[in-house]
There are 2 protein chains.
Amino acid sequence: MIQSTNNSKEIQKHLVIVGGGFGGIELAKRLRKTNLRITLIDRNNYHTFQPLLYQVASGGLGADSIGYPFRMIFRGQKNLNFLMTEVQEIDSASKQILTSTGPVTYDFLVLATGSTTNYFGNKLLEKHAMPLKSIPEALNLRSDLLQEFELAMRIDDPKLRQQHLSFVVVGGGPTGVETAGALAEFKKFVVPHDYPGLNASEMEVRLVEAAPRLLNGMSEHAGNKAIKYLNELGVNVSLNKIVKHYDGELIQFEDGEELKCKTLIWSAGVRGQTIEGLGPESVERSRFQTDEYLRVKGEEDIFAIGDVAGLISAENPKGHPMVAPVAVQQGELLARNIKKLVLGKNNLEPFKYKDMGSMATVGRNRAVVDLSFWKFGGFLAWLVWMFLHLMLLVGFRNRLVVFIDWMWNYFSYERALRLIVRKYEESPIDKAT
Amino acid sequence: MIQSTNNSKEIQKHLVIVGGGFGGIELAKRLRKTNLRITLIDRNNYHTFQPLLYQVASGGLGADSIGYPFRMIFRGQKNLNFLMTEVQEIDSASKQILTSTGPVTYDFLVLATGSTTNYFGNKLLEKHAMPLKSIPEALNLRSDLLQEFELAMRIDDPKLRQQHLSFVVVGGGPTGVETAGALAEFKKFVVPHDYPGLNASEMEVRLVEAAPRLLNGMSEHAGNKAIKYLNELGVNVSLNKIVKHYDGELIQFEDGEELKCKTLIWSAGVRGQTIEGLGPESVERSRFQTDEYLRVKGEEDIFAIGDVAGLISAENPKGHPMVAPVAVQQGELLARNIKKLVLGKNNLEPFKYKDMGSMATVGRNRAVVDLSFWKFGGFLAWLVWMFLHLMLLVGFRNRLVVFIDWMWNYFSYERALRLIVRKYEESPIDKAT
């Protein structure tokens, strides 16, 4: 047998990566040809392509098309072991993490746990709003949406009916804009055909944003275009508007307005999913504070990447945006640095974010794209958006089926993936699964 | 405006169809161009293509590909209204049915409620076994299967590990045979690649049948071929074997054998899903007893079709087999008869079942097909099976995506649709959703 080119005499170090999002899988893949033993831990058995969750929720794509099993991603990567479990605590003194299936020791630990929905402490809102950060949540929202229509079909009182047909999306970031656009298309193309007797105008899609503009992370050009496109689709956009209270029936806004509505989709905030156990200096504003090498403050062998990493610098006084490209670039950089550490080198590279731009789509045919040198919108932007998202999907099968579903949706104006598989009564309880 | 060719002066009758399986949708479609007002009631918002449930369970197809929303099937059928609700009772004296959303009156009522899993009164079995009659149940089984593997990967004790990797399918009808075949393929093609460290031989797939042969509804030739194919795939087939007791951990067979096993898939029996309220002569052995015109005994305006209809005749002393072709043919016939009844004619046609044959598939490349004039197996049978199932699927999008997934599965040997979206701890409780 020919030995691998790695020096097999060096002691094999154990790298534990917690979280298989964009950052975690990038890092793991790039350490394929090393002598490291890698354990990837995730609470799910699949990677979620979060940018398309709203299309699962609105019946345009199947859940299986935007999730891909880790075991298939890492098939053939001999130095990686996947472990499906929930991490409970880090014990950095003894270099181990405690999980729901027992302790795991590490030499290097990378925290790539991503972010979760932030309700800013509003428990009632948390109980009644629909989040959209995971595949089960997208399926819950899909079932909820379709059940509201089935219910409305049986209600004679127009006022009560309208409460079931009011969909309020809170948060004007990309998820909120894209979800509102998809709901507006459902109103325009599906409701008139499939719910005879319901007047499509009874369905209201409203997008509410606390800031004075949409798409805060993008250019003003993009924010204005998004409002224009949403208005053309019939979405009622409210800026400078803050939700104060929601009990599942009635929304109270800070400006005094009240609105009866059964479905409130909450995409107004995310926060890092930190893990307990490290010193008080390690976490601030729900993110692991790191130095420029992504090393968690106060720790030697623990790193953080992606949404959960808070790397404060002069250019990024609030940390980097919680988006996939940051996670991917941090995964790339950390892979290089860990290779150096394993070899005993100390010339680590600091992280520098190369912002390639950002984009959001608004219904069929339209999107906004911000590049450093060019900001544009409309049909071309939409084609760019589609192409890039197809390329970023993991797995050829998923790319192919998403492509077919998109063509199908585009030419038929249908949304065929409309099975209610999670019953209405359960959706609030079942939310966290 | 030109009037429709129907005599619009006749009083419009209301036909209520309970159940949107193969029989119910066939009947409803064929009454499209009549003056009847039709209400189709189902507890789900989609039609389920039951013959492919086992492929959803084993990760070969997505749930969305084998379910199709009723509202899309009947889009454009102006005389049909869909109602998603649960029927609780029939009150034939006042010609109405009671549903969970209120009463519905009818002029003609057709009961097409299909069948449900029959545990023959064994409550413990019902609690712990996994059924496979609906899409949520298929998703539960898929999640359970994959979670057993994730668990097994963490267990050091080989004996305990094997309990998690023992899958016992009870019932040697087409569902049992096809499920066992799919599990055997998972063992053969997926386990060696995706679960490093697990020895594929630790996974045991066992098919248990109470009768002395498999595929009781088919020819002896088919039954023998199925055993041969299953054995070649590594399935352990036991005939003349009856499950007495199962508590989620231990199976006790009537012959005294005991087997520790965490997953028992129950496909050993179905029974008609009858509804309460009719006279005692109307139901026997869980089926609505009908005359040769499919009229429920003791009733004037109530009919039954499909699995729930028990039409006893000299040729079929036990009633017709509970299969899709019977339901479709009964739907066709009843459509003709109801048209006559509406016109006041009494020359109803009696039901005669034209048995076109039956088929079952066993893993890749193999199936058995029984036609009246030819019984064959192997690759050709498998192609025929695939072609017919593709044609019978509802909706072009679903046909296309199923075709692509089949090609993908065939050439890649993968089963990519492996998301655990229903958590282990919940699956037994969640079973009925």
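**Helix packing and chain pairing in a predicted two-chain model**

H1(B) crosses H9(B) in a right-handed sense. Sorted by class, the contact of H1(B) with H9(B) comprises 7 nonpolar, 4 polar and 3 charged residues.

In chain A, helix H1 (residues 22-30) packs on helix H9 (residues 324-342) at an angle of about 25 degrees, with 7 Å between the axes. This angle makes H1(A) roughly parallel to H9(A). H1(A) and H9(A) form a right-handed crossing. H1(A) contributes A:Phe22, A:Gly23, A:Gly24, A:Glu26, A:Leu27 and A:Arg30 to the contact, and H9(A) contributes A:Ala324, A:Ala327, A:Val328, A:Gln330, A:Gly331, A:Glu332, A:Leu334 and A:Ala335. The contact of H1(A) with H9(A) contains 7 nonpolar, 4 polar and 3 charged residues.

A further helix pair in chain B consists of helix H7 (residues 174-194) and helix H8 (residues 220-233), packed at an angle of about 20 degrees with their axes 9 Å apart. H7(B) is thus roughly parallel to H8(B). The crossing of H7(B) and H8(B) is left-handed. On the H7(B) side the contact involves B:Val177, B:Ala180, B:Gly181, B:Ala184, B:Glu185 and B:Lys188, and on the H8(B) side it involves B:Ala226, B:Leu230 and B:Leu233. The class counts for the contact of H7(B) with H8(B) are 6 nonpolar, 1 polar and 2 charged residues.

Between the chains, 37 residues of chain A contact 37 residues of chain B. On the chain A side, two or more residues each come from strand S4 (67-69), helix H3 (70-73), helix H5 (135-153), helix H7 (174-194) and helix H11 (396-412). The side of chain A that touches chain B is made up of 18 nonpolar, 8 polar and 11 charged residues.

Chain A is superposed on chain B by a rotation of 180 degrees with a shift of 0.0 Å along the axis, at an RMSD of 0.0 Å. This is the relation of a two-fold axis. Of the interface residues of chain A, 100% are also interface residues in chain B, so the copies meet through the same surface.

The ipTM of the model is 0.91 and its pTM is 0.93. The average pLDDT of chain A is 93, and 95% of the residues score at least 70. Where pLDDT is low, predicted coordinates should not be read in detail.

Methods
Residues are numbered from 1 along each chain as its sequence is written. Chains are lettered from A and ligands numbered from 1 in the order in which they are written. This is a predicted model: local features need pLDDT of at least 70, side-chain atom pairs count only at pLDDT 80 or more; totals for chains, interfaces and linings use all residues. Two residues are in contact if their C-beta atoms, placed from the backbone, lie within 7 Å. Helices (H or I, at least four residues) and strands (E, at least two) are DSSP runs, numbered from the N terminus. Ala, Val, Leu, Ile, Met, Phe, Trp, Tyr, Cys and Pro count as nonpolar, Asp, Glu, Lys and Arg as charged, and the others, Gly among them, as polar. Copies are superposed by least squares on the C-alpha atoms of residues with pLDDT of at least 70 in both. Axes are lines fitted to C-alpha atoms, for helices over the stretch in contact, and angles run from 0 to 180 degrees between N-to-C directions. Angles under 35 degrees count as roughly parallel, over 145 as roughly antiparallel, 65 to 115 as roughly perpendicular and the rest as oblique. A crossing is left-handed if the near helix is turned anticlockwise from the far one by less than a right angle, and right-handed if clockwise. pLDDT is the predictor's confidence in each residue, from 0 to 100.
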